[in-house]
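Open the structure in your viewer and get ready to select a few pieces, one after another.

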Amino acid sequence: MDTIEEAYSIRLVSEVKLSQKGLLHTETWIEGNEYKSSIYLDKNRITFGGKEFLPSINGEDLYYVLNGRTLVKQSPYGEPKRLFTLGKIHKFVFHKDGILVIGEKKDKKEGHFVAKKLKYRFDGRGLLRTRMSLLLFDGKEVKILVEGDFDVTDVATNGKRIVISATKENDDVGLSDIYEVEGNELRRITRGEGNITAVAMNEDGQIAYLGHRKGKTPWAVKEVILPEEDKSYLCGNYCGNSVLTDLFDGAKEKLVFKRGEIVTTGQVGAKTNVYKVSDNKVDQLTDGDMVVRSFDYLDGELVYVYTTPEKPSIMYYKGETYDPNPSVRGLKPELVRGDVEGWAIIVDKHAPTILFIHGGPHTAYGYSYFIEFQFFAKHGFNVIYSNPRGSQGYGEDFAKACVGDWGGKDMEDILNFVRTVKEKYELTGKIGVTGGSYGGFMTNWIVTKTDMFSAAISERSISNLVSMCGTSDIGFWFNTVESGIDDPWKPENMDKLMKMSPIYYVKNVKTPTMLIHGEEDYRCPIEQAEQFFMALKMNGIDSELVRYKGDGHEHARRGKPNNMKDRLRRKLDWFNRYLR
């Protein structure tokens, strides 16, 4: 993995599906400036167009999505048949009346756009000219079952009963509920306010979902919840997975409900494993220093895909492992325990060191492969990273500990971690800092508070919490919740937000700082980087602003491949210039 091309040459198992015909999996890779994917049955490739995913078998036939827009049916001895095409297909499941689909109409992207709601654009989707709807394909035509100025985010069925999760009640702030679809009517099942990331139904029509009922609290711990039975279960410290990676597999959280067994992932600190809920108890099915990214469960059999700091993507099934990258082995980090949990890849105590700060803030670093970490380590940099207060996976109190205090105790944890690592490994070289999103906020913030770092690279960052309230797709509510205020437009609250903003202290910066941003980032809009860049330049600080056309907030994980490669080259050049 010495070159950037080699770093991004890995192949990833991005989804797995057990069926009566065998084990289906999708493999994803980068070819030129495109993401490619194909479907495999029992590890044998069965589609060859390079744009197939979401495989499922019904009866004798294979179904999959082509190019993200077309549903295809392939019979054992026939040619693939294109059933219908939408603007986008997010999910499909089989029902007695046909195929249920969560999809979007074709977006013509023409004419003017009139915003009537707070949520009128969204990162990765742009202006919300189309919404995610529930559709039914009856074998002849596609019919609309549920649509409106909100999103249908998931669907589950036992072939008869249909339930969906949707943002119908609280679309502006992204909260969701469970509804039963009864003809042309929706019956709300969940009470209160909360968030839902996955829904499942067993053969008897029982419902379970992954989420919480704690309002708009991004730090809330997710559980497995059975809304009609008023039961909930915790898998580890957090149901689902918030451990970050820069792998481009596009993995999503999942829930499987078969008879009386519910299977999902659960996180404890930096590890994510598979858990099973049955007989009112929770059992851990897998164990190890790893992060499970995908899984499926059928008739008591489990298949899962995991990543470790050394291996990008491993599929495990029936005692055997499948590794699509047998020649790839990353350097193993050492666990560093101090006030908080952290890790270090030390190549030489005299080499320069790069501190990475994760986004969220309610996510976590952990036992997952990072293309970027391995790339910098193999180019002679020590790599260090930690989970300060605010990180997920250590309980709700720990995750909430930075709320109203961004740049306070969380920064203390980060700086104390750097001092601990420096002393433990007797490091003598210069130290740089980088991070994205909240990690970009912290990078901007930290260079206004200390001269400890000789260079900084801030990505998809935040510099002004006030202007972000009016320009971000979620800033108007996320910033207020995270800063502990109610209304961002009250003078006293604007004052608090400004004093929590790096731009307020920009006169203190002495550190050469590069800012990297996607021009179509609606989460942390590019004006955030523009402000900080202009202020740095006007104060004589060596700085650069790198803008990537066509990329949004996920520019470092699922951006345009050529942009991701260029980004890594520019980061390497900047740190070589100032840390060598």
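Start with helices α2 and α11, which cross in a right-handed way in this predicted model. To find them, select residues 371–378 for α2 and residues 561–579 for α11. Two packed helices are described by the angle between their axes and the distance between the axes. Here the angle is about 40°, and the axes lie 11 Å apart.

From α2, pick E372, F375 and F376. What classes of residue make up the contact of α2 with α11? There are five nonpolar and three charged residues, with no polar ones.

Now leave the helices and look for a sheet. Strands of a sheet pair through backbone hydrogen bonds, either parallel or antiparallel. This open sheet has four strands in the order β9-β10-β13-β14, and the pairing is antiparallel. Which strands stand at the edges? Select 88–95 for β9 and 142–146 for β14: each has a single partner strand, so one side of each is left without a neighbour in the sheet. Turn the view and follow the twist, which averages 30° from one strand to the next.

For the last stop, zoom in on β9 and its antiparallel partner β10, residues 98–104. Seven bridges join the two strands. To see one bridge pair, select F94 together with I99, its partner in β10.

Conventions. Residues numbered from 1 in each chain as written. Predicted model: local features only at pLDDT ≥ 70, side-chain atom pairs only at ≥ 80, totals over all residues. Heavy atoms only, no water. Axes fitted to C-alpha atoms, helices over the stretch in contact; angles between N-to-C directions. Left-handed = near helix turned anticlockwise from the far one by under 90°. Contact = heavy atoms within 4.5 Å. Nonpolar A, V, L, I, M, F, W, Y, C, P; charged D, E, K, R; others polar. Pairing = 2+ DSSP bridges.
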